[in-house]
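Colleague: Could you walk me through this model while I have it open? I would like to go from the overall fold to the details.
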Amino acid sequence: MASIKPLGDRVLVKADAAEEVTSSGLYIPDTAKEKPQQGTVVAVGPGKVENGNKIEMSVKEGDKVLYGKYAGTEVSFDGEEYLIMRESDIVGILS
C-alpha cells in the first residue's frame, strides 16, 4: 500500500469537514462554506537541518492543529483530500 511521507519540515494534515449547519440550525450551502482551519496531523517529516543542527518537529501524528486559512497545498491521495504544509504554517496544537 502506498503512502505519503512528507520531507523536511513538512506536515501532512487531514482537514476537518466544513460546517454543514450554523449554530442556529440553518444549513450552509457548499458555495458559502468556509475553508476549515483545523485538522489532524497524519504524517510528519523528519525535521529540518539549519546551520548543521537538526531541528526536531514540534507536532506528531494524531495532533489536532490550527493553521492559516490559505496554508498548505491541497493534494488528493487514495480518494482522500489532504494538505501538505510547512510546520511553520501551523499556528497551534489543540488539546
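Colleague: What does the secondary structure of the protein chain come to?
Modeller: The protein chain has zero helices and eight strands, where helices (H or I, at least four residues) and strands (E, at least two) are DSSP runs numbered from the N terminus. This is a predicted model, in which local features need pLDDT of at least 70 and side-chain atom pairs count only at pLDDT 80 or more, while totals for chains, interfaces and linings use all residues. Residues are numbered from 1 along each chain as its sequence is written, and side-chain values use heavy atoms, with hydrogens and water left out.

Colleague: OK, and what order do the strands take in the open sheet?
Modeller: The open sheet has six strands in the order E6-E7-E1-E2-E5-E8, with antiparallel pairing; two strands pair if DSSP finds at least two bridges between them. Strand E6 (73–77) and strand E8 (90–94) stand at the edges with a single partner strand each, so one side of each has no neighbour in the sheet. From one strand to the next, the twist averages 45 degrees, taking axes as lines fitted to C-alpha atoms and angles from 0 to 180 degrees between N-to-C directions.

Colleague: How many bridges join E2 to E5?
Modeller: Three bridges join E2 to E5, and these strands run antiparallel. Within that pairing, Gln38 has Leu66 in E5 as its bridge partner.

Colleague: Switching topic, which residues make up the largest nonpolar core?
Modeller: That core has 12 residues, among them Val11, Val41, Val59, Tyr67, Leu83 and Ile90. A nonpolar core here is a set of buried Ala, Val, Leu, Ile, Met, Phe, Trp, Tyr and Cys residues joined through side-chain atoms within 4.5 Å. The elements giving two or more residues to it are strands E1 (10–15), E2 (38–44), E5 (64–67) and E7 (80–86).

Colleague: Is Val41 buried or exposed?
Modeller: Val41, which lies in strand E2, is buried, with a relative accessible area of 2%; buried means under 20%, exposed over 50% and partly exposed in between (1.4 Å probe, protein chains only).

Colleague: And what is Val41 in contact with?
Modeller: Leaving aside neighbours within four places in sequence, Val41 is in contact (heavy atoms within 4.5 Å) with residues including Val11, Val13, Val59, Gly62 and Val65. Val41 and Gly62 are 21 residues apart in sequence, yet their C-alpha atoms are 5.3 Å apart in space.

Colleague: How much of the protein chain is buried?
Modeller: Buried residues make up 23% of its 95 residues.
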